[in-house]
Amino acid sequence: MAAHLKKRVYEEFSRVVQIPQEEAPAKKLRLSKPSKSAALHIDLCKATNSTDALQYLLHFARKPVEVESVEGVVRILLEHYYKETDNSVRLKIASLLGLLSKTQGFSPDCIVDDAINTLNNEKSHQVLAQLLDTLLVIGTQLPESPTVRQRLIEMACKHLSDTYFGVRNKCLKLLGCLGMADTPLTKDNDGPGASLGGVRDIQSIISDFFGDQDPRVRTAAIKAMLQLHERRIKIHEIIYDQACRLLSDDYEQVRSAAVQMVWVLSQLYPESIVPIPSSNEEIRLVDDAFGKISHMVSDGSWMVRVQAAKTLGSMLQVSHHFLEQTLDKKLMSDLRRKRTAHERAKELFTSGEFSSGRKWADDAPKEKLDTNTVNLIASGACGAFVHGLEDEMFEVRIAAVEALSQLARSSASFAEKCLDFLVDMFNDEIEEVRLQSIHVLREISTHITLREDQLDTVLAVLEDSSRDIREALHELICYTNVSTKECIQLALLELLKNLNKYPTDRNSVWKCLKFLGSRHPTLVLPLVPELLSTHPYFDTPEPDMDDPAYIAVLVLVFNAAKSCPTMPALFSDHTFRHYAYLRDSLSHLVPPLRLPGNGLDLVDSRCGSGSVESAQLFLQQSLNRVSTIQNLEAPGAQDLLNFTIRDLQRLGELQTELAGAADFCATYLRCQLLLMKALQEKLWNMAVPLCLKQNVTATAAAQQILEETYKLEFLYSGLESRQVATIHHVRLQAKALQLILTARTRQGLDPLISSCEKFLQDIESFQRLFVAELPHLQDSFVDKLLELMPRLSSCKPVEMVKILLATLRLSGLLQLRLPEQIHRATATIIEPTGESDNPLRFTTGLVVALDIDATLEHVQDPQNTVKVQVLYPDGQSHVIHPKPSDFRKPGPDRHRLITQVYLSHTAWTEPSQIEVRLLLAYSSSSTSLSSSSASKLGWSDSIDSLPPPEAAVEGTIPFSKPVKVYIMPKPARR
Amino acid sequence: MPEIKVTPLGAGQDVGRSCILVSIGGKNIMLDCGMHMGYNDDRRFPDFSYITQNGRLTEFLDCVIISHFHLDHCGALPFMSEMVGYDGPIYMTHPTKAICPILLEDFRKITVDKKGETNFFTSQMIKDCMKKVVPLNLHQTVQVDDELEIKAYYAGHVLGAAMVQIKVGSESVVYTGDYNMTPDRHLGAAWIDKCRPDILISESTYATTIRDSKRCRERDFLKKVHESIERGGKVLIPVFALGRAQELCILLETFWERMNLKAPIYFSTGLTEKANHYYKLFITWTNQKIRKTFVQRNMFEFKHIKAFDRSYADNPGPMVVFATPGMLHAGQSLQIFKKWAGNEKNMVIMPGYCVQGTIGHKILNGQRKLEMEGRSTLDVKLQVEYMSFSAHADAKGIMQLIRMAEPRNMLLVHGEAVKMEFLKGKIEQEFSIDCHMPANGETATVTTNPSVPVDISLNLLKREMALGGPLPDPKKPRTMHGTLIMKENSLKLVSSEQALKELGLNEHQLRFTCRVQLQDPHSDPDTLNRIYTHLKSVLKGYTIQHLPDGTVMVESIVIKVSSSAEDTSTKVLLLSWSYQDEDLGSFLSTLLKKGLPSGLC
């Protein structure tokens with residue numbers, strides 16, 4: 001299915017692209033237009049036998065038909081239809097009619113009559129079914145026409161009594177898609193329900209077919225009913241009983257559809273009261289439905305089981321004691337009639353009807369029970385989840401886990417109860433299930449506190465060899481509440497063991513301990529002396545600061561100390577020193593602490609309350625200050641810009657919340673500064689040959705500005721179209737500068753003319769893209785250019801360059817407005833660390849796999865944009881596109897790239913370093929405004945077709961620090 | 001009425017020596033042919049003299065079906081086929097056929113070579129017996145003869161275990177053998193379709209048990225083993241060579257791998273290696289996980305589990321040993337148990353059911369002093385744990401299977417009588433079907449109501465359809481006229497004309513005539529006219545004709561009027577109708593007897 005979808009998207013896409021690129025196909029289409037219907041006519045007349053005709057039709061169906069000629073084609077088809085004796089050809093024509101009436105802009109009401117007419121004369125069942133399908137298409141194309149609808153429904157009712165199941169199916173489908181709740185129908189007299197006659201409701205007509213002899217028709221009837229529901233027609237409550245009966249149908253498709261039907265009804269009438277058969281008790285409908293669907297979790301077909309388990313999760317209105325039944329395997333223990341529940345339930349519970357199988361011989365039979373007890377809920381429903389979680393098929397287990405999570409999120413007490421079961425699932429044999437249950441436990445962990453034995457089971461999973469499992473578990477531990485200090489100790493111990501076994505988990509383990517500490521400060525407190533191995537009398541040796549395990553312990557302690565002021569008193573001297581070190585080196589893990597002594601002031605100055613607002617204010621003020629620069633050549637303007645840029649950069653470092661915005665502004669101002677420098681007076685007053693050197697700097701500046709604008713546009717998320725316009729404006733300025741410089745250096749006229757033309761095109765496209773933003777760009781470079789546009793397009797290149805230069809130098813600084821949130825896309829390569837001194841040795845001509853682990857933040861659509869670049873010492877560079885499955889999404893705006901990069905090179909004499917970095921690819925043709933279309937484009941883009949090297953370099957922004965890896969390709973031994 | 005008779009020769013209200021005779025539709029089938037673990041005398045085999053006192057069984061049995069390879073289900077097979085004598089087909093699934101002879105040979109070795117019994121079956125007999133085996137595939141319908149067909153369903157329990165549906169005509173019996181409704185680490189869950197058999201013969205080992213979730217059990221088991229190992233103790237797990245042993249091996253193997261444990265795990269018997277080989281081969285009979293991952297790594301290729309040697313039992317340090325047999329009644333498991341019983345650090349984990357009389361049963365019931373052969377006693381100091389790992393359906397599972405198959409009658413075997421009684425009550429209460437639990441040698445009889453298939457001629461069917469609307473309405477029965485011909489064991493429903501033609505008979509018409517006296521002063525034709533108008537007003541929707549020859553025709557009924565000789569006002573109506581129109585005719589006669597309403601002109 002996905003592949004099919006993908007292919008279709010690809011097809012659509014390719015069509016979109018090709019038409020604007022080359023005009024030819026459009027013309028071709030126009031040429032074929034008049035001939036389309038005529039050609040068909042000729043073809044069909046030529047056809048001597050039905051096989052030929054069928055071939056022509058099949059061939060015809062491959063090409064689209066234009067709106068204007070649809071009607072003609074339909075006429076021809078119909079004409080041929082009446083003449084045709086072969087069923088398969090008629091069938092094909094009928095299906096083509098349906099296809100054609102889907103054509104955009106064609107109103108199919110003109111062919112309704114014909115279609116109905118053909119329907120009345122048709123004898124073949126298959127063709128009838130296809131015709132009904134066509135009618136359905138027509139009906140859905142004409143939603144506003146009640147008369148057509150009414151006619152179609154009548155047709156459907158008439159053919160409901162057909163002997164062929166396909167016809168009945170289609171009729172029911174048509175009724176489901178088009179039937180209205182308020183239109184009563186007169187049932188035709190030749191149906192089986194003739195005796196009933198009279199005016200009938202559409203729902204009762206459909207529900208008649210719940211008892212059809214053919215399972216496919218039964219399924220279609222339920223589906224039609226569900227279709228009615230989807231169209232917001234309220235299903236009658238009486239259907240409930242019938243739907244419940246279908247739950248025990250012989251055919252799985254019917255049961256599966258019936259589960260859906262029962263669910264829909266339980267959502268519509270949750271509070272209705274239904275009687276329990278064989279007793280005089282009554283219960284709420286939603287409870288009854290819940291019981292019945294629970295029952296289906298032990299169905300014979302796993303498709304039905306999946307369906308049932310999924311459905312259970314969305315039945316949130318169900319009463320408590322029913323919900324808890326699903327986790328109980330013991331039959332009928334406290335499920336007696338309400339009146340007698342109290343006295344009897346207790347006694348029953350203690351008498352223990354069934355043994356648990358955990359102890360030998362605890363199943364010695366006791367006295368027989370009173371047999372006239374009534375089950376409130378069919379006993380099969382008990383322990384539905386116990387069954388679901390033990391199911392043979394992991395699909396069912398996953399569905400059950402998901403359902404558990406949905407129910408647990410809405411009910412705290414249920415969450416408490418299902419905890420044990422979820423923890424048990426951590427030992428499932430399929431990794432996917434384990435992972436899912438860990439995620440689910442994390443989601444509901446706000447409701448629960450883990451007991452020691454549960455924690456024990458949870459932590460045992462830390463030894464799992466799968467990285468995903470371990471990381472999911474770390475996430476879980478971040479959110480868990482534990483009850484005792486032993487639990488903390490246990491968790492720490494296991495995490496350290498984990499760290500020891502899998503050193504790559506370092507960051508994840510530290511983060512986990514950070515949350516564990518800050519959540520349970522009081523539980524950590526009594527453990528501190530032991531953890532830091534301090535002694536009341538003796539000094540203990542200072543632990544190694546680089547030991548990840550020691551850092552882990554410190555992270556736990558410091559985070560606990562944050563909300564526990566008494567804790568620092570227990571620290572020894574070196575702990576304080578280590579604190580200072582860690583606070584600097586791992587500031588994201590170690591919180592600021594109120595420590596006695598000199599640390600205090602620093603801490604306060606670093607994070608006063610309201611600092612974000614003040615920083616915001618500062619940012620705004622700086623921008624305002626810059627905006628006072630009217631003229632680029634005003635004295636002191638450059639200095640002001642320089643200072644502001646510096647301020648902003650520092651601000652970004654201090655205030656992580658505003659880092660994106662500050663960076664963005666700084667980069668923008670740097671562009672302006674460069675532009676300003678390039679346009680300095682003296683440079684342009686000199687004769688051309690004399691200022692070659694300056695020319696070079698100006699060219700470099702223009703190039704740099706261009707690059708920076710691409711960064712501005714694609715590296716930051718949260719931009720609005722106004723900012724994009726501003727960025728494009730700067731880019732246009734840079735291009736103008738480039739053009740001027742070309743004019744000055746190059747002698748030939750031809751290249752100049754072409755670049756002038758290109759520039760004019762750029763202006764036009766700018767105008768087209770940012771029509772809405774033009775009012776904000778008053779007095780700017782573009783504004784002036786647009787005024788001069790008629791003159792520009794007619795004048796000679798030399799003159800144009802002059803005009804450009806003048807406008808460029810006169811135009812003022814465009815003020816930058818900040819949007820709400822700007823985030824800079826960042827990437828950090830966690831692995832390789834670049835610290836290793838051991839070269840990675842491999843034989844030349846073969847490849848070596850390098851594991852790369854990186855976190856990406858604020859990257860939209862990383863699957864398509866993020867690439868890995870490998871730079872060899874000889875200047876060779878490779879760009880590798882990671883597989884989409886290598887990206888994981890641990891949180892919002894956060895991605896994790898875990899991939900392998902294959903390296904290879906010819907032989908070296910000694911080891912050397914290569915650089916690995918991440919690139920953000922962009923396509924310069926698409927602006928970030930049209931990013932939605934760009935992402936679609938990327939989807940169909942196949943991985944193996946890398947963009948050509950020049951384009952790739954041009955279209956990528958390095959956005960991570962490069963990491964050096966030591967490698968050594970050895971010559972192959974012969 | 002036809003009957004199905006079920007007679008257990010073994011496993012009736014008992015566990016062990018499963019052997020059930022079923023006679024259905026004139027066919028006799030033997031289901032399973034097992035031995036009893038608790039006995040060493042003649043009682044260990046079923047009493048085949050019930051079938052015939054002397055001579056071979058071939059002429060009394062149509063086929064033998066073996067559900068799985070456990071000895072209590074197939075142990076007596078060579079004895080029956082070779083020593084008592086049976087030459088008919090024996091059906092079993094492919095894995096069962098592969099593994100069964102290994103177990104039989106092992107059993108023979110222990111009894112003959114170790115215990116020195118004589119008059120026991122030989123290796124050659126096992127081979128000869130296996131030659132008579134016809135292998136079955138899952139869901140494959142096998143025709144034993146023209147009428148008897150059998151079909152196997154997946155049963156879980158052990159590799160190759162099957163439930164069998166036996167069908168003669170429209171009567172059918174399903175025998176479950178041993179089955180498991182919860183999947184485990186290497187096998188899937190039993191499954192059957194809604195086949196609605198007349199009798200469902202189900203095992204009921206755990207009739208009164210509803211087990212905890214299997215994950216709980218697994219966790220408990222692993223925890224107990226782990227703790228004992230950490231204490232430095234030795235763990236003995238008595239198992240039957242095949243079945244649970246593999247399950248527990250996979251469990252421990254994965255656990256060892258995950259926890260990186262170093263203590264050795266031993267498996268005590270040589271035959272396991274041979275059998276494990278088959279486990280590796282019959283991947284299609286295992287569960288989803290193993291089926292999906294065997295390409296990367298076959299789960300039955302154990303890394304941590306090694307073969308056991310007798311001398312290892314005295315090695316110091318912790319270890320886990322799987323030893324056979326499972327009930328500690330003989331063999332290696334008993335030897336090791338004797339060695340380790342004195343140390344309280346050690347542990348024995350009984351993973352399954354123990355038959356009364358075995359040491360397993362005794363120690364589970366808390367006996368701490370055991371009398372051994374030769375008057376010696378053994379103090380049991382080691383910990384005794386019970387974990388229900390045997391792959392039998394629990395009460396809930398049995399109920400679930402009943403719900404899946406929807407049988408008309410239940411029959412419980414392979415369980416203890418008191419527990420069966422309890423489950424029987426539950427079944428009768430919940431499903432309101434009859435439930436039988438015959439003891440050994442006792443016959444349970446169930447009368448069936450088989451539907452008789454009748455061929456109907458297409459012409460007749462089409463004619464009927466043309467008459468009364470196209471679709472059969474399931475809510476309303478409809479009558480149709482036709483002739484039932486019974487000829488050469490087949491039934492046919494045809495139209496009467498065709499029947500006449502086929503049988504070469506002439507058609508005879510049967511007409512009823514009746515006189516009705518009517519008081520009417522008018523003349524004959526007028527009366528007739530009056531009758532005509534009257535009938536016309538009463539019988540709407542019928543064709544009524546006034547024929548020129550002085551008669552009125554209602555459909556095919558003729559009405560004539562004549563005045564009686566003496567009294568002209570008393571008219572005599574002559575009604576004549578054919579046999580087919582009996583309903584209408586009698587209606588008309590009663591109607592006309594009431595007289596004509598006066599309001600008619």
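The paragraphs below lead through a predicted model, beginning with chain A and ending with the sheets of chain B.

Because the model is predicted, local features are reported at pLDDT of at least 70 and side-chain atom pairs count only at pLDDT 80 or more, while totals for chains, interfaces and linings use all residues. Residues are numbered from 1 along each chain as its sequence is written, chains are lettered from A and ligands numbered from 1 in the order in which they are written, and side-chain values use heavy atoms, with hydrogens and water left out.

Chain A holds 42 helices and 18 strands, where helices (H or I, at least four residues) and strands (E, at least two) are DSSP runs numbered from the N terminus. Of its 974 residues, 49% count as buried; here buried means under 20% relative accessible area, exposed means over 50%, and partly exposed lies in between, with a 1.4 Å probe and protein chains only. The accessible surface of chain A comes to about 47000 Å², and carbon and sulfur atoms contribute 53% of that area, as computed by the Shrake-Rupley method with a 1.4 Å probe, where for residues only the protein chains shown count as cover.

A search for disulfides (pairs of cysteine sulfur atoms within 2.5 Å) over all chains of the structure finds 0. A:Cys171 is accordingly in no disulfide, and the nearest cysteine sulfur, that of A:Cys157, lies 8.2 Å away. A:Cys171 is buried, with a relative accessible area of 0%, and A:Cys756 also counts as buried, at 5% relative accessibility.

Two aspartates of chain A can be followed in more detail. A:Asp420 belongs to helix 20 (residues 412–425) of chain A and is partly exposed, with a relative accessible area of 30%. Beyond its neighbours within four places in sequence, A:Asp420 is in contact with A:Arg451, A:Gln454 and B:Arg219. The C-alpha atoms of A:Asp420 and A:Gln454 are separated by 7.3 Å, although these residues are 34 residues apart along the chain. A:Asp861 is placed in the loop between strand 11 (848–857) and helix 40 (862–865) of chain A, and its relative accessible area of 30% makes A:Asp861 partly exposed. The phi of A:Asp861 is near 55 degrees, a positive value in a residue other than glycine. Most residues other than glycine have a negative phi.

In chain B, a positive phi of about 70 degrees is found at B:Ala11, which is not a glycine. B:Ala11 is placed in the loop between strand 1 (3–10) and strand 2 of chain B, and at 0% relative accessibility B:Ala11 counts as buried.

Strand 2 (residues 19–24) of chain B runs antiparallel to strand 3 of chain B, to which 5 bridges join it; two strands pair if DSSP finds at least two bridges between them. Within this pairing, B:Ile20 has B:Leu31 as its bridge partner in strand 3 of chain B. The hairpin of these strands has 2 residues between them, and B:Gly25 takes a positive phi near 55 degrees there. Strand 3 (residues 27–31) of chain B is mostly covered, with 4 of its 5 residues buried. Strand 3 of chain B also pairs with strand 4 (residues 63–65) of chain B, in the parallel sense and over 3 bridges, and B:Cys63 in strand 4 of chain B is the bridge partner of B:Ile29.

B:Thr93 lies in strand 5 (residues 90–93) of chain B and counts as buried at 1% relative accessibility. The side chain of B:Thr93 makes a polar contact of 2.7 Å with the side chain of B:Thr96; a polar contact is a pair of N or O atoms within 3.5 Å, and within protein one must be able to donate a hydrogen and the other to accept it, with residues adjacent in sequence counting only if both atoms are side-chain atoms. Leaving aside its neighbours within four places in sequence, B:Thr93 is in contact with B:Leu136, B:Gly160, B:Ala162 and B:Trp285.

Further along chain B, 3 strands form an open sheet of mixed pairing in the order 23-25-24. Strand 23 (455–456) and strand 24 (483–487) of chain B are the edge strands, each pairing on one side only. Strand 24 of chain B and strand 25 (residues 490–494) of chain B run antiparallel and are joined by 5 bridges.

Notes:
Contact = heavy atoms within 4.5 Å.
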